Every structure is written in C-alpha cells, then in structure tokens.
Amino acid sequence: MVATLIVPGLNGSAEGHWQRHWARDHAAATIVRQASWARPVLKDWLATLETELERAGEAWLVTHSLGCLLAANLANRPAACHVKGAFLVAPCDLGRTERLHPGAIDFGTMPTEPLPFPSLVVGSRDDPYMDFAALCGFAAHWGSEFHDLGHAGHINIASGFGRWEQGYRLFSDFAKPLENQRNKRARPRLHDVLCPAMS
C-alpha cells in the first residue's frame, strides 16, 4: 500500500481538523511532524518532509495551507521523485500569511516552478489567506488540476471542515486514474510477452 503523508501548515492541524481525521481514517496515512509548528523555517520543514519521503519510498501528499507551499518547494529537489501525487488544499499566499502572522514565517518566496508530479489544487473563493484569482494563477504555474470549492473559507476548522468526506472523494477521483495508469504500465501486454521485439 502506498503511504500517504499528511502535511499541515502553520501551527499544525489542531484536533478536529480534517487532516487529523484523515490520518485516523486511512491506515496508510501519517502526519509529517515538524519540530516547530509556530515558527516555520523552509529549510527545516523541507528537510523533515524529504526524510519522510525517502523513508516511505513512494507517497501521496495531502497538504493544507503552508503545507501546500512546502510541497511546491519540492519542484527542483531530488526527493520529488518519491511523490506519487499531491493533494493541495487551500494554499496560502505568503504575503497575506506574513501580514496575518507577522514574524512567524521564514519561507522565502512563493514557489512558481512547475511540479514534476501530478497535483490537484482545491481552493476557496473567500479564503482570507489567498485571493482566488491569485490561487488560479499559482495552480497554473504548478501545472495542477484545479477544483473550485466555492465559498469555503480556509477549508479548516474555523470554516466548518472537520471530518471532510467530500475531500476523501476528491482525492480518490484524483488518485484513481493515476493508479490505473501505473497498473497498465506495470502489467506487460500478452503480445509483448509472446512476441518480444527482434534485434
């Protein structure tokens, strides 16, 4: 079974957050635990995530808020080869987040490189941490599929997202075609077995 790494954002995901429910509801899911949730430093958070990816060998990423930017920062790093796909929920804008939480974040600039793995951005039209038009732009930069969740705030506890079963369905709809593609590639066709190419 392919591992699922749950990647929270600033201050972690408190008890009752959909990421906590996800970790309990899915046997292969574990939360990536950072040394400091309140003072995110990009290089430290990246090192932790990369260690977990290398340990897993292959993993899905299920991210929220600043955790989405952490996943996007894997774009040009060797550990990206371990990512099967990324489910990016409510990515935050660093400028807005820094204004809302002054002095808390050392996360560089917004990542804009295309992601080398499949990804789905799930966004909200009234997220206080990200303008909707800007979100659409970042999703395009990353080469991500996009799902508009409507007016859903920051898709967190404060906006009413505890156990988020719709999220499970969205992730399944995203992941199943990728799994099917992989299975087709892994299974040799009968013709290839019986009639190998002649040299």
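The model is a predicted one, where local features need pLDDT of at least 70, side-chain atom pairs count only at pLDDT 80 or more, and totals for chains, interfaces and linings use all residues. Numbering runs from 1 along each chain as its sequence is written, and side-chain values use heavy atoms, with hydrogens and water left out.

Next I looked up the strands, which like the helices are DSSP runs numbered from the N terminus (strands: E, at least two residues; helices: H or I, at least four). β1 (residues 3-7) pairs with β3 (residues 59-64) in the parallel sense, over five bridges; pairing takes at least two DSSP bridges between two strands. β1 also runs parallel to β2 (residues 29-31), joined by three bridges. T4 has A29 in β2 as its bridge partner. From β1 the chain goes through helix α1 (residues 18-25) to β2, a right-handed β-α-β crossover (with the strands pointing away from the viewer, the path from the first strand over the helix to the second runs clockwise).

Is β1 mostly covered or open? I found four of its five residues buried, meaning under 20% relative accessible area with a 1.4 Å probe, protein chains only.

Technical notes: Buried means under 20% relative accessible area, exposed over 50%, partly exposed in between (1.4 Å probe, protein chains only).
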